[in-house]
Amino acid sequence: LLDEINRIPLKSQSAFLEGLQERTVTIGKEVHKLPVFSFAIATMNPIEIGQGTFPLSEAATDRFAVIMNIKYLPPNEEQRLVQFDFKKVKLDKIMPKENIIRLRSSIAENVSLNPKLDKYIRRIVVASRPYNKETHENKFESPSGLVNRFVDLGASPRATICWGHLAKTWALLSGKRSFVLPEDIQNLAPYVLGHRIWLKPEASSENVSIDDVVSDLLQKVAVP
């Protein structure tokens, strides 16, 4: 758990990302493997961008499977903070880590993702990438007009990899199902794509947000 990742120097960020991607931690010349049961969580304050902060690069943010934007609490919950005693907070164990490891394997083996939905994920990811006439990197224009006009950089192959695994997990834990539905993929879209789509400067002048682009993608890419 790393609080305010954009406040630590770039070398420390690299060390954290090594654990996130390689599942190892290097101290001096020694490389230590992380336990099988390990995952990384980081927070970042988007308001504090400037002196004393080190914003994550596109490649660094891409290492995170999902990113969530936490907004202000609803009024009734914020009211509870006035006299809330954080010292009395106790966390209850949900399940042993051994069960979570077995659950991970079970999801991969027993929750099915139809090949048509496999392709659906890939088509959404590809559609998030703008057509560049100079490089011809993408052969076709995106079906989303917002992508073609306002997106500078679309989602990477990591989005495709993460999305498939997350859709299976979402189907089991949220839907109590052993198969993935298109709705599972769509519900995850803002969390998988939100930090992997980078907008052009003119998007802000047109009041176009990443959420707008993701929503347009889901509308324009046909569901199988």
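The questions below concern assignments made in a predicted model.

Q: What makes the pair of serine 156 and aspartate 62 a polar contact?
A: Their side chains meet at 2.6 Å, and the cut-off is 3.5 Å between N or O atoms. The pair therefore counts as a polar contact.

Q: How do you know whether the span of helix H1 agrees with its 13 residues?
A: At 1.5 Å a residue, residues 10-22 should span 18 Å. The end C-alpha atoms of H1 are 17 Å apart, which agrees. After H1 comes arginine 23, with a positive phi near 60°.

Q: What makes phenylalanine 37 and phenylalanine 39 an aromatic pair, and of which kind?
A: The ring centres are 6.0 Å apart, and pairing requires centres within 6.5 Å. The planes stand at 75°; over 60 degrees counts as edge-to-face, so this pair is edge-to-face.

Q: Why do phenylalanine 37 and phenylalanine 39 get their accessibility classes?
A: Exposed means over 50%, buried under 20%, and partly exposed in between. Phenylalanine 37, at 25%, therefore counts as partly exposed, whereas phenylalanine 39, at 54%, counts as exposed.

Key. Residues numbered from 1 in each chain as written. Predicted model: local features only at pLDDT ≥ 70, side-chain atom pairs only at ≥ 80, totals over all residues. Heavy atoms only, no water. Polar contact = N/O pair within 3.5 Å; in protein donor to acceptor, adjacent residues only side chain to side chain. Helix = DSSP H or I, 4+ residues; strand = E, 2+ residues; numbered from the N terminus. Expected span 1.5 Å × (residues − 1). Phe/Tyr/Trp six-rings, centres within 6.5 Å; stacked < 30°, edge-to-face > 60°. Buried < 20%, exposed > 50% of the residue type's maximum accessible area, 1.4 Å probe, protein only.
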